[in-house]
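Reader: I would like a close look at one part of this structure, the charged pairs and the strands around them. Please keep to the details.

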Amino acid sequence: MRLIFILILLVMSKSIFSQNAKWPIRFYFSEYGRYCQLDDKVNLYDTVYIKHSKTFYFKLVLLEQKGKSYMEVHKNNKLYESGYYENSLDTLKIYARRFDGRNANSNLYILKYFEPVKNGVWTETQKGKYVTKTYSMGVKSQELK
């Protein structure tokens, strides 16, 4: 009986850890229209730099695998916006098309991703001045009234 109990605990712990280790992780930041994908070389609390354009990049510190993170947005090598994202509420899915460069074929597949939401106080630079905005799970505090 004791052996069966230990086996059940081992199976349950393996399934819990395997759920937490699903890489690659994809995120969509709707404010910027930007998908990013993090592979298994990225650990929690690592700082990742994501280039958006020649003068626009993100500095992301991933706190949890569903998107909870700290982000800084840099434009022209200056801090433009910073704050925290909260976890995506669920895994989202879209259809995507994959092209094969060898024979010009394409196939449709389902792309799974998380869409974190702004939460807490965000600081933004507007005309050289810092402006703070408060969000509650993606909704600005002024919009909650």
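Reader: With which residue does Glu 124 form a salt bridge, and how far apart are the closest N and O atoms?

Author: The partner of Glu 124 is Lys 133, and the closest N and O atoms of this salt bridge are 3.2 Å apart. The model is predicted: local features need pLDDT of at least 70 and side-chain atom pairs pLDDT 80 or more, while totals for chains, interfaces and linings use all residues. Residues are numbered from 1 along each chain as its sequence is written, and side-chain values use heavy atoms, without hydrogens or water.

A salt bridge here is a side-chain nitrogen of Lys or Arg within 4 Å of a carboxyl oxygen of Asp or Glu. By that rule the count is 3. Glu 124 has a relative accessibility of 8% and is therefore buried (under 20% relative accessible area; exposed is over 50%, partly exposed in between, with a 1.4 Å probe and protein chains only). Lys 133, at 17%, is buried as well.

A second salt bridge joins the side chains of Glu 81 and Lys 118, with 2.7 Å from N to O. Strands are DSSP runs of E, at least two residues long, numbered from the N terminus. Glu 81 has a relative accessible area of 5%, so it is buried. The value for Lys 118 is also 5%, and Lys 118 is buried too. The two side chains make a polar contact at the distance of 2.7 Å (a pair of N or O atoms within 3.5 Å, one able to donate a hydrogen and the other to accept it; residues adjacent in sequence count only if both atoms are side-chain atoms).

Leaving out residues up to four places away in sequence, Glu 81 touches Tyr 32, Met 71, Glu 72, Val 73, Lys 118, Trp 122, Thr 123 and Glu 124.

Glu 72, one of these neighbours, takes part in a further salt bridge, with Lys 59, where the closest N and O atoms are 3.9 Å apart. Glu 72 lies in strand 5 (residues 69–75) and Lys 59 in strand 4 (residues 56–62), so this pair ties together parts that are 13 residues apart in sequence. Glu 72 is buried at 13%, whereas Lys 59, at 24%, is partly exposed. Lys 59 also stands opposite Glu 72 in the pairing of the strands.

That pairing (at least two DSSP bridges between two strands) is antiparallel for strand 4 and strand 5 and runs over 7 bridges. The two strands form a hairpin with 6 residues between them, and Gly 67 in the turn has a positive phi of about 120°. Strand 5 is mostly covered, with 5 of its 7 residues buried. Strand 5 also pairs with strand 6, again antiparallel and over 7 bridges. Here the hairpin has 2 residues between the strands, and Asn 76 in the turn has a positive phi of about 50°. Glu 81 in strand 6 is the bridge partner of Val 73, and Tyr 84 in strand 6 is the bridge partner of Tyr 70.

These strands belong to an open sheet of 7 strands in the order 3-4-5-6-9-10-11, with antiparallel pairing. Its edges are strand 3 (47–53) and strand 11 (139–140), each of which pairs on one side only.

Strand 6 also holds Tyr 85, which is buried at 1% relative accessibility. Its side chain makes a polar contact with the side chain of Glu 31 at 3.1 Å. Tyr 85 and Leu 62 are 23 residues apart in sequence, and their C-alpha atoms are 9.5 Å apart in space.

Terms used:
Helix = DSSP H or I, 4+ residues; strand = E, 2+ residues; numbered from the N terminus. Contact = heavy atoms within 4.5 Å.
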